[in-house]
Amino acid sequence: MLEYARWKYIVILLVLALSAVYALPNLFPQDPSVQVTANRGSTVDDALRKRIDATLKQINVAPKAVEISKDGNLLVRLRDPNVQIRTADAIRDTLGSDYVVALNLASTVPDWLRRIGAGPMLLGLDLQGGVHFLMQVDQQAALAKRFEATAEDVRVLLRENRVAYTAVERRPDNAIVTTLATNADPAKARDLIAKNLPTLLVEDADVPNQIVLRVPQAELNRVATEAIEQNVSTLRNRINELGVAEPIIQRQGTDRVVVQLPGVQDTAQAKRILGATATLEFRGVYEGGDIQDALTTGNVPPDARLFYTRGGPDARPSPVLLKKRVIVSGEQLVGAQSTRSPDDGSPAVSIQLNGPGGQRMFDYSSENVNKGLAVVYIERIPEVKLVDGKEVRSTRVKEEVISIANIREALGKNFQTSGLDSPKDAADLALLLRAGALAAPMEFVDERTVGPSLGAENVDRGLTAVLYAFGFTLVFFLFYYRMFGLITCIALLMNLLMVVAVMSILGATLTLPGLAGIALTVGMSVDANVLINERIREELRAGMPPLGAIKEGYERAAGTIADANITAMLAGVALFAFGTGPVKGFAVALIVGILTSMYTAVSVSRGIATLMYGKRRKLKTLAV
Amino acid sequence: MKPFNVFPYDSNIPFMRMRWVSLIVAALIMFVGIGAMATKGFNFALDFTGGVGIELRFQKAPDVDDIRTRLTRAGYENAQVQTFGTGTDLLVRLQDKPREQVAHDAPNAATGSIAQDVRRIVSSPDNPAEVRSSAQISAQVGKELALNGVYALLFVIFGFLIYISFRFEWKFAVAAIITTLHDVVVVAGWFALTGHEFDLTVLAGVLSVMGYSINDTIVVFDRVRENFRGMRAPPYEVLNKSINQTLSRTVITSAVAFLTVMALYLYGGGSLRGMAESQMIGIIIGTLSSIFVACPLLMWLGVSKQDLLPKARDEAALARRP
């Protein structure tokens with residue numbers, strides 16, 4: 001009599017049920033849809049829905065559904081992917097720049113599945129179509145900027161303390177060399193620098209009137225990291241403008257950024273947006289002008305300009321008059337960090353300007369204490385529109401006031417703007433100040449596009465290949481091992497289910513090589529079953545009674561299976577660690593497949609075999 | 001009903017007697033592979049060389065020469081144009097693309113896309129082209145990918161060495177590694193010899209071949225270990241017996257794995273073909289080498305019963321067996 005513990009059966013059933021549930025979302029097709037998100041100040045409501053309904057009627061598109069989701073987006077589900085782009089264009093034209101209109105694939109997975117965290121596997125770009133960019137950040141440029149700022153600090157410090165110098169220059173070996181005039185006191189200069197710029201390392205030079213300053217490596221690393229992070233956040237801001245539903249923007253390694261834009265086809269347009277430039281301006285608030293008058297009659301005082309503040313989810317943009325003269329512009333901004341005000345502990349943002357910027361800020365603020373200072377965010381977005389079949393290039397300039405603060409005292413090149421509502425506001429403002437411009441130039445080093453038709457074809461081919469791989473295997477097993485072939489087939493099917501479920505739970509991205517990986521795990525996972533079945537045959541030939549042969553077969557094969565699979569998995573791990581993109585998808589499928597196949601081959605098939613033969617004491621032969 | 005069998009169960013093919021022949025043949029095949037790699041080199045795909053590749057689909061089959069002259073006239077010299085899959089699909093490869101820079105201050109960092117440019121050039125009113133996919137890769141990234149491939153290879157080799165030495169013994173580890181490397185060299189040599197394109201997925205295929213090949217070898221070695229403990233016979237006979245006992249399993253597993261990879265080759269489309277090809281060859285070579293190369297190598301390294309016995313733990317386990 002064969003025995004197999006009851007709890008093991010319960011585990012098998014549990015695993016089966018969980019796998020089925022978590023693999024289920026992959027069966028729900030995704031609706032091609034258009035997603036409308038409110039821009040600053042605008043709202044998604046029934047009025048918007050009516051406008052969109054009207055637009056859809058105009059272009060003769062019957063949507064599957066128009067719904068407002070919980071996170072406040074409006075989703076137009078469509079029946080036919082071919083009208084998706086046309087619909088998005090029409091809606092974009094109607095709504096203008098108050099809303100972001102993006103193409104999306106909306107899930108049709110029912111709520112109860114989503115509530116337990118079940119979702120479909122993400123499709124890689126090669127299956128979905130889209131653009132992939134790899135951008136290289138020029139770290140040297142970011143460092144050069146930082147060195148220039150530091151050298152300027154030293155110059156100002158020496159000038160203010162009347163230490164005569166002839167040059168403060170950056171040397172190629174990342175040192176800043178200060179050459180003092182012959183009558184200056186090097187010891188005094190050294191003390192000044194050590195006291196006022198404590199982060200710099202002061203070294204002696206060979207020449208007596210020179211001081212060599214070094215920026216510590218940790219500081220350089222920080223600058224490099226900040227540069228890439230700033231670039232990532234700048235890119236994120238811009239991609240939101242582009243209207244892409246589920247973009248991936250990731251840092252890769254120390255100096256690269258990966259950008260994946262599913263559904264985007266026009267790389268030129270995407271590149272223009274990513275390469276768009278944004279900057280900041282500090283302007284004084286114009287006092288004495290009549291804003292109502294300016295709004296209604298357009299009568300703006302000659303040295304003022306009308307601006308609007310940036311709205312938020314609960315604030316509409318409001319008009320404000322600012323002085324025409326720009327105090328400081330974004331090029332003069334060195335850094336911005338959120339912090340707390342040393343005076344009252346309120347959330348604040350500390351801002352660093354370079355030398356000339358600091359001087360201008362000082363000049364302006366010392367004359368305008370207790371008056372308003374505004375920060376204007378300016379973005380130039382190049383646009384291409386098709387007019388009568390011709391491309392018309394233009395640049396849209398977006399100007400928004402992102403903060404207005406009161407000048408309390410004369411400001412230098414380091415100052416704080418305090419009194420913000422919350423630490424989050426402070427962090428956001430600091431990010432915006434920094435995200436205005438790219439910290440360092442970027443270069444597109446890698447660019448791939450996959451057309452949507454190729455994506456659909458790839459899905460088709462991949463699935464066909466998996467299906468045939470499976471079909472070949474099942475037929476072979478049924479023919480060769482008969483009853484035990486059937487058991488093997490059941491185990492293999494469960495293995496497939498588990499692979500899909502585990503990959504869905506992990507949130508793995510399914511790529512075409514990933515589909516190949518799944519097919520290959522079928523081919524590889526049979527190995528465990530073959531080992532067991534062959535072992536059973538061998539034991540039978542050696543004269544074992546059938547039940548004993550089953551028992552011995554499973555037990556003796558287990559060790560071999562473990563050894564063989566662990567080594568095979570090493571190859572999978574190497575692929576995962578050193579592979580990129582689609583190859584990683586292949587590695588994930590391979591690793592998951594090997595793990596699940598070890599379970600199904602050893603445990604599940606044994607359970608079934610025991611169920612079939614366990615109670616039959618008089619069993620004479622086995623169909624193996 | 002008698003079960004189907006590829007080999008009679010008590011087969012006793014004298015694999016070990018022909019061990020010198022098989023080792024020499026294996027070495028010869030390997031040297032052909034190395035020779036092909038050394039003299040012909042690989043036909044590296046865009047992934048590794050960098051450059052521009054554009055896959056176009058036309059409405060009807062285009063004239064390749066015409067496309068070539070049009071591209072040359074438009075300033076894309078040295079453009080490689082080849083048909084791809086069906087007659088309506090073309091692959092255009094360009095080297096040394098001009099570098100594009102996104103300057104952070106320049107107001108109009110607008111750059112057109114080469115793919116769309118090429119599409120405009122090759123399209124004619126009665127035969128418009130559609131960009132199916134495009135890739136623009138810098139040589140730097142290509143070099144890094146190639147380097148990562150080498151790292152992966154080294155990682156796998158050392159991983160195998162450590163694991164097998166730990167679970168078996170160093171002679172087994174060395175024999176298994178040489179067998180696996182032999183397979184990798186042969187598969188890579190095949191790509192060099194035929195000039196078939198070597199891209200990232202082929203590299204993935206080659207690495208998975210390592211996993212497959214080691215899997216086969218380990219199964220044989222596992223039986224060798226078991227037989228060394230259970231049989232009173234000289235190593236020569238133990239090895240021969242082990243190969244014969246596992247022969248049926250080796251062939252069946254390989255046949256099934258080959259069938260699945262063949263499904264990929266036949267139905268997976270152009271982008272999976274290279275990968276499937278490398279795996280098909282890898283499976284054949286891996287199977288043959290686990291039969292003909294692994295055990296002769298083990299014999300050559302002088303494996304003996306003592307190599308596996310000293311561990312007291314194992315003896316205790318042996319004593320418990322019925």
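Predicted model: local features only at pLDDT ≥ 70, side-chain atom pairs only at ≥ 80, totals over all residues.
Next comes the place where the two chains meet. Chain A brings 74 residues to the contact and chain B brings 71. On the chain A side, at least two residues each come from α9 (267-274), β18 (372-387), β21 (442-450), α13 (452-506), α14 (512-541), α15 (546-578) and α16 (582-613). The top contributor is α14(A), with 15 residues. Sorted by class, the chain A side holds 42 nonpolar, 18 polar and 14 charged residues.

What does α14(A) pack against in chain B? One partner is helix α9 of chain B (residues 270-292), with the two axes 10 Å apart and at an angle of about 40 degrees. An angle under 35 degrees would count as roughly parallel and one of 65 to 115 as roughly perpendicular, so α14(A) and α9(B) come out as oblique to each other. Their crossing is right-handed. The residues that meet here are A:Leu512, A:Pro513 and A:Ala516 from α14(A), and B:Ser271, B:Leu272 and B:Met275 from α9(B).

β21(A) pairs with strand β6 of chain B (residues 129-137) in the antiparallel sense, over five bridges. Within this pairing, A:Asp446 is found opposite B:Ile137 of β6(B).

Chain A also has an open sheet of its own, built from four strands in the order β7-β8-β10-β9, with antiparallel pairing. At the edges stand β7 (165-171) and β9 (201-204) of chain A; each has a single partner strand, so one side of each lacks a neighbour in the sheet. On average, and ignoring direction, neighbouring strands are turned by 25 degrees against each other. Six bridges join β7(A) to strand β8 of chain A (residues 175-180), again in the antiparallel sense; A:Arg171, for one, has A:Ala175 in β8(A) as its bridge partner.

Which helices lie across the strands of this sheet? Helix α6 of chain A (residues 139-160) lies across β7, β8 and β10 (210-214), running at about 165 degrees to β7(A). Helix α7 of chain A (residues 186-196) lies across β8, β9 and β10, and runs at about 15 degrees to β10(A).

Conventions. Residues numbered from 1 in each chain as written. Chains lettered and ligands numbered in written order. Contact = placed C-beta atoms within 7 Å. Nonpolar A, V, L, I, M, F, W, Y, C, P; charged D, E, K, R; others polar. Pairing = 2+ DSSP bridges. Axes fitted to C-alpha atoms, helices over the stretch in contact; angles between N-to-C directions. Parallel < 35°, antiparallel > 145°, perpendicular 65-115°, else oblique. Left-handed = near helix turned anticlockwise from the far one by under 90°.
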